[in-house]
Amino acid sequence: MRTAVLVLGIVLLVLGLAGGGIGLAVSNSDVATYNSRCLGLFPPSGCAAVASEASTFAFVALLGGLLFLVGLILTIVGAVLKPEGAEATRVVVQPVYSAVAPQIPQSYSTPPGQLSSSLTSQSNQKEMFCPACGTHYPLGTQFCGKDATPLKEMV
Ligand SMILES: [Zn+2]
């Protein structure tokens, strides 16, 4: 329905523009011919025909202008209303939003779980120490950095 209104509007727009343009051009040239030939005291024969043609094509130009206006209004109405287009965009937007929304709480719930598990493992962690100089090292270190003595695990 909207497409039909839009197409009709554009067709009327083009027809009105063409008709108005042709009517205006012919009537203008007829008026020019009349003005150059028939304004003397004794006008030659055919001046009445030129005058009537000028008025006929002036009417065609007016009709074309009206057709153009109607076409313009139809095109604007067809472009503004678009009930099908608006409905389609609303349907497309909703699933995209609902697909994105559940992902937000998921990504926020993961880091606290990891943080608490790393905290509990850290509190149970033992340290290493050097029996020669007494320097403390993190668990996993095997030799002292100062004197290369094998480290022992703290109890
Ligand atoms: Zn040491």
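pLDDT is the predictor's confidence in each residue, from 0 to 100. I start there, as this is a predicted model.

**Confidence**

Where is confidence lowest in the chain, and where highest? The lowest mean, 50, belongs to helix α4 (residues 103–123), while β2 comes out highest at 94. I then checked residues 116–121, where pLDDT stays under 50. For this stretch the model has 0 contacts beyond four places in sequence, a contact being a pair of C-beta atoms within 7 Å.

**Helix α2**

Next I turned to α2, which runs over residues 47–81 and has 35 residues. I compared its reach with expectation: from first C-alpha to last it covers 51 Å, close to the 51 Å expected at 1.5 Å a residue. Which residues of α2 are buried? My list reads Ala-54, Phe-57, Ala-61, Gly-64, Leu-67, Phe-68, Gly-71 and Leu-74. I also asked what the buried residues of α2 pack against; the partner is α1 (2–37).

**The sheet**

Last, I followed the strands. They form an open sheet of 3 strands in the order β2-β1-β3, and the pairing is antiparallel. The edges are β2 (136–138) and β3 (152–153), each pairing on one side only. Which residue in β3 stands opposite Met-128? I noted Glu-153 there.

Definitions and conventions:
Residues are numbered from 1 along each chain as its sequence is written. This is a predicted model: local features need pLDDT of at least 70, side-chain atom pairs count only at pLDDT 80 or more; totals for chains, interfaces and linings use all residues. Two strands pair if DSSP finds at least two bridges between them. Helices (H or I, at least four residues) and strands (E, at least two) are DSSP runs, numbered from the N terminus. Two residues are in contact if their C-beta atoms, placed from the backbone, lie within 7 Å. The expected span of a helix is 1.5 Å times one less than its number of residues. A residue is buried if 20 or more other C-beta atoms lie within 10 Å of its own, exposed if 12 or fewer, and partly exposed in between; C-beta atoms are placed from the backbone.
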